[in-house]
Amino acid sequence: MILRPSDMGASAIARARTLSPGSFGAPFLQRVQRWLLGGAFFILTAYCLVLFEMSPLRLWDGFGKLVQVVGQMFPPTAKGAALDYAYAMLQTVAMAFLGTVIAAVLAVPLGFACARNMVPRWIVRFVFRRSSDVLRGVDQLVWALIFVRAVGLGPLAGILAIIIADTGTLAKLYSEAIENIDRKAIEGVRASGADPVQTMRFGVLPQVLPIMLSNVLYIFESNTRSATILGIVGAGGIGFFLADRIRTMLWEEACFILLMILATVYVIDWMSQRLRARITGAESTPALH
Amino acid sequence: MLEINAVRKTFGKVDALKSVSLTIPEGQMVGIIGRSGAGKSTLLRMINRLAEPTSGQISWNGQAVSGLRGRELLRWRARCAMIFQQFNLVPRLDVITNVLLGRISRHGTLPSLVKRFTEQERAMAVLALERLDCAQLALQRAETLSGGQQQRVAIARALMQEPDVVLADEPIASLDPRSAIQVMQALRAINREDGITVICNLHTLDTARQYCDRIVGIAAGAVLFDGLPSELSPEMVRRIYGVEGDDASFDESATSTSAGVLVQPVAQFAA
């Protein structure tokens with residue numbers, strides 16, 4: 001009596017349809033809605049392509065010039081300034097490091113204050129959430145421009161920009177991690193008579209700490225990349241040299257700096273990936289075959 | 001007929017199974033019992049080829065299963081459907097799609113990616129769910145179902161594969177007693193009514209006795225017992241579950257999941 005598709009005559013299909021109409025596809029209106037949404041999305045994309053004149057011809061044209069520039073980049077040379085560049089590179093990494101560390105610490109109380117399951121009073125949460133949105137909503141680069149005006153050219157402006165923007169980002173990531181924790185452990189700690197702060201320390205922190213550290217490492221990685229840009233607006237580091245060499249069309253030196261940045265980013269990515277795998281105790285998942 | 005011939009499996013230096021041979025005729029319902037770690041799961045996984053035997057051969061109706069490659073291997077996996085302890089449904093997909101997944105090995109890769117199933121297959125899926133008393137759940141996400149419902153959906157998915165064999169690896173170990181009975185009855189029904197061979201790993205002896213035609217007892221990677229449920233003596237049960245000879249309090253009920261059975265007082269509290 002095992003069922004096979006060939007046994008599914010008209011009557012069997014009719015019975016199945018009455019049993020569960022939804023199993024034979026979405027209702028008509030829902031399907032129309034899906035098509036309309038898909039169509040709107042397609043039209044919007046096409047409109048943007050036209051608006052920005054993304055014609056294949058223009059792309060091809062630009063590509064030709066790009067090849068020319070890349071040609072002028074070789075061989076990459078430092079022209080005797082290798083030590084200066086290395087020092088500036090180190091400065092960039094140090095900026096990213098210091099900025100990330102301070103932001104990671106500042107974001108902890110803010111993250112707890114933004115989490116629904118930690119702060120039941122919505123108005124308190126609302127204030128903290130919106131203020132972290134302000135920090136995060138303005139880009140790091142814009143903060144850097146503001147701080148260059150306030151504290152002058154140099155790494156301090158860059159570090160401040162990283163601290164402000166990433167405190168907002170990390171608070172958001174922390175609060176999400178805190179909201180997704182397992183309630184059972186908290187209940188267990190609370191049931192043994194712990195006060196609210198003790199509950200956070202022993203019921204919440206052990207669960208979220210690995211996630212927080214992993215987030216911080218990722219932000220650090222991302223900051224070593226974006227700290228280059230901060231230099232371009234005068235907020236210290238290797239970016240200053242890179243912007244200058246590109247402006248004066250010294251392509252061979254620009255290329256040298258770019259390769260140096262790539263190597264640094266690669267090394268830091270690699271180290272933090274290994275660290276992250278250790279912290280989160282990377283689980284092995286079965287292969288797909 | 002499923003023939004398992006001198007199959008051995010080693011993990012590093014540990015023998016998980018040492019030379020197991022079994023012949024299982026079509027349409028039989030076999031219960032494999034033994035302690036955790038006795039090698040029961042390894043045996044089932046090797047039949048489905050989720051694990052490879054270190055040596056020995058498994059064949060179905062004379063065709064060697066252990067040598068299959070590529071498409072042939074995927075076809076074989078579809079023919080011996082697997083039921084897992086943790087159900088292994090895709091939690092975010094709705095029930096009907098989970099059940100239709102039982103058909104994907106018959107579709108090309110590309111058409112199946114956009115869920116192109118025929119009307120006949122959809123009807124078949126709904127009727128399979130109805131048979132397992134789950135038709136009203138068809139449009140719910142699998143993760144919203146209770147354990148017993150999920151396991152029955154998993155059986156419906158297995159039926160969609162039109163399997164020759166169903167391999168069930170501790171199918172009721174995570175279920176409450178009532179759901180466990182429903183799931184075991186469903187397995188018994190597909191065995192009786194559809195003639196599907198069912199091989200079922202079980203912790204609990206009373207379940208095996210009640211539902212299976214034949215019981216195979218495995219201990220430390222070797223078959224200790226192979227026969228009718230009525231032939232299984234208390235002495236043999238002790239050997240299969242590795243109980244010391246002087247532990248007189250151990251009997252069959254100690255392997256039962258039903259509450260109220262206290263085997264012996266825990267030492268430190270008794271003292």
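Biologist: In what kind of crossing does α5(A) pass α7(A)?

Modeller: In general, two packed helices are described by the angle between their axes and the distance between the axes. A crossing is left-handed if the near helix is turned anticlockwise from the far one by less than a right angle, and right-handed if clockwise. Here α5(A) passes α7(A) in a left-handed crossing. This is a predicted model, where local features need pLDDT of at least 70 and side-chain atom pairs count only at pLDDT 80 or more, while totals for chains, interfaces and linings use all residues. Residues are numbered from 1 along each chain as its sequence is written, chains are lettered from A and ligands numbered from 1 in the order in which they are written, and side-chain values use heavy atoms, with hydrogens and water left out.

Biologist: At roughly what angle do the axes of α5 and α7 of chain A cross?

Modeller: Axes are lines fitted to C-alpha atoms, for helices over the stretch in contact, and angles run from 0 to 180 degrees between N-to-C directions. Helices (H or I, at least four residues) and strands (E, at least two) are DSSP runs, numbered from the N terminus. The axes of α5 (residues 122-137) and α7 (residues 155-179) of chain A cross at roughly 135° and come within 7 Å. The two are therefore oblique to each other (under 35 degrees is roughly parallel, over 145 roughly antiparallel, 65 to 115 roughly perpendicular, the rest oblique).

Biologist: Which residues of α5(A) meet α7(A)?

Modeller: Contact means heavy atoms within 4.5 Å. Arg129(A), Ser132(A), Leu135(A) and Arg136(A) of α5(A) meet residues of α7(A), including Ile164(A), Gly168(A) and Glu179(A). The contact has four nonpolar, four polar and four charged residues (Ala, Val, Leu, Ile, Met, Phe, Trp, Tyr, Cys and Pro count as nonpolar, Asp, Glu, Lys and Arg as charged, the others, Gly among them, as polar).

Biologist: Where do the axes of α1 of chain A and α5(B) come, and at what angle do they cross?

Modeller: The axes of α1 (residues 10-19) of chain A and α5(B) come within 9 Å and cross at roughly 60°. This crossing is left-handed. Among the residues that meet are Ile13(A) and Leu19(A) of α1(A), and Val126(B) and Leu127(B) of α5(B). By class, the contact divides into seven nonpolar, one polar and four charged residues.

Biologist: What makes the contact between α4(A) and α10(A)?

Modeller: The axes of α4 (residues 82-114) and α10 (residues 238-247) of chain A come within 7 Å and cross at roughly 130°, which makes α4(A) oblique to α10(A). Among the contact residues are Tyr85(A) and Met89(A) of α4(A) and Phe241(A) of α10(A).
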